[in-house]
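Trainee: Hey, could you walk me through this one? I'd like to start with the strands and then move on to the rings.

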Amino acid sequence: MVKAHVSAHELVAGRYRLLEVLTREANRLWWYAEDVASGQPRLMARTELPETADADTVRRATARVVRTSEIMRLLCPGRVATVVDAVVEAGTLWTVTDRIEGTPLGELLDREGPFHPVRAARLGLEILDVLQAAHDEGITHGELSPGQVFVREGGPVLVAGFGLAGTTLAPRLTAPSYASPEQARDERVGPAADMWALGAILYTMVEGRPPFRDRGRPDATLRAVDRLPLRTPLRTGPLTQAVQGLLRKNCRERLNRGVVRDALVRALDADSDADRCPAPAPRLRDAYAAVRHAAPAPGRRLMMAGTALAVVTVAAAVLAVTHRLPGTSTAAAPSRTTATAAPPPGPAGDGGPVPTATRDPGGAPALPAGYRRYTAPEGFSVALPAGWKRQATTRAADDAYRVTFGTGAASPTLAVTYSERVGPDPVAVWRDEVEPALARLPGYHRIGTLRALTYRTHRAADLEWVAGSGAARTHTLGRGFVLGGGRGFSLRYTTPAADWGDADGTIALKTFLQTFREPEA
């Protein structure tokens with residue numbers, strides 16, 4: 001099969017004009033591009049398919065990429081690349097996504113060199129959040145590498161490449177340096193292969209090179225991954241045990257998600273000041289503005305295969321669950337672990353939604369511009385954005401209450417719920433008392449698993465979900481914690497699902513969690 005050789009300004013599938021190379025990995029090339037039919041900017045990932053790929057394989061490849069991407073978009077809004085099309089030309093798979101406002105991790109490492117272990121731990125936790133959501137739904141990424149991770153300013157990383165694994169008979173289509181040993185042996189793979197890839201990415205971030213170098217030919221690189229011993233990491237510091245535990249040749253011996261999460265959280269707690277450097281702004285390119293009109297479009301190419309985004313519909317709008325205040329007030333952990341929330345928006349940090357357990361800083365944190373601290377008559381306090389006010393209050397005979405804050409619109413909102421009749425296990429409260437009612441909401445879907453953590457020294461747990469449909473679909477993170485003696489609070493941040501992860505919402509959620517203070521005892 002003749003491989004495609006393309007250059008800037010050439011049209012792919014008669015529709016997508018290539019503008020400029022963004023980044024490259026072994027067997028993968030990312031391009032800035034333009035959809036000439038709609039005028040929209042795009043990113044296009046070029047992946048060479050094996051020469052043995054037949055027409056049926058091509059059809060499966062394109063359909064699988066689009067279908068898996070759509071599932072992941074629903075599971076992790078704003079955390080995975082949205083695939084809008086997938087086409088094959090001359091043995092090359094082109095995956096078309098919305099433009100991503102971020103920098104590929106591989107390019108970032110080339111530009112800045114090795115990361116401090118704390119910074120690597122923060123990014124690793126954000127990647128782990130996405131993997132957990134995928135694995136809980138039976139989805140394996142199978143192609144994870146630094147080229148599939150985009151680091152964004154002021155928000156969590158975005159992961160691309162879901163759906164590539166299994167599109168052909170090849171053990172791994174791209175970046176063989178990050179293949180697991182079982183992939184190198186062309187065996188059936190599952191979540192353990194993604195955990196290996198996470199370990200390899202952590203290794204690369206702190207060591208400045210992958211654990212197994214690319215040898216120029218995929219088969220040679222895969223043999224090295226399978227047969228050669230791991231090069232001892234020298235810079236991993238507090239991540240050493242996690243990295244070595246993830247890079248065990250026997251997939252049954254690799255660390256599981258919970259152990260890895262705890263290890264990464266401990267690394268963050270060990271030196272939180274080392275991770276204060278912000279994620280970089282994406283490299284500014286004027287290619288899209290200046291180059292898009294510079295060259296005439298060549299003739300239309302034959303499109304071998306193409307698909308459209310699957311349309312997923314769900315039932316009607318979200319209903320509020322208010323009839324059981326005691327049951328909806330908290331959730332908690334069976335033990336005081338420091339596992340973290342996943343995957344709500346926002347960078348890691350004290351009180352933030354991901355990826356570390358919160359700590360009481362011992363004083364009032366600095367507030368973002370426009371925020372002010374509100375102290376309720378009930379005794380609790382929280383910092384609110386400009387324009388947010390107390391909108392509604394619901395009370396019960398047993399001193400339970402719920403106070404809702406917002407701007408008067410349906411969402412975003414913050415609901416603070418208090419009860420004096422909750423058990424000591426917040427996870428059980430979410431699972432046994434709250435979620436059965438939530439499950440009756442139209443379009444309800446839990447994101448990830450119930451996550452136990454410690455919040456301001458209290459036992460706590462997070463539940464994250466979406467509900468509703470269309471423009472009325474909402475996304476909620478609920479954090480519940482117990483104070484003892486049956487008393488507990490929950491904080492629920494709800495926003496339109498389409499806005500989840502935007503800059504304002506990220507700041508708001510993190511500020512709510514950082515600044516909330518329960519009444520004095």
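Mentor: Strands here are DSSP runs of E, at least two residues, and helices are runs of H or I, at least four, numbered from the N terminus. Two strands pair if DSSP finds at least two bridges between them. Keep in mind that this is a predicted model: local features need pLDDT of at least 70, side-chain atom pairs count only at pLDDT 80 or more, and totals for chains, interfaces and linings use all residues. Residues are numbered from 1 along each chain as its sequence is written, and side-chain values use heavy atoms, with hydrogens and water left out.

Trainee: What is the bridge partner of V149 in β9?

Mentor: That's V159.

Trainee: New topic: how many aromatic pairs does the structure hold?

Mentor: There are 17. Rings of Phe, Tyr and Trp (its six-membered ring) pair if their centres lie within 6.5 Å; planes under 30 degrees apart are stacked, over 60 edge-to-face, the rest tilted. F380 and F405 are an edge-to-face pair, 6.3 Å centre to centre with 85° between the planes. F380 is in the loop between β11 (372–375) and β12 (381–384) and F405 is in strand β14 (residues 401–406), so the pair ties together parts 25 residues apart in sequence.

Trainee: Is F380 buried or exposed?

Mentor: Buried, at 0% relative accessibility. The cut-offs are under 20% relative accessible area for buried, over 50% for exposed, and partly exposed in between (1.4 Å probe, protein chains only).
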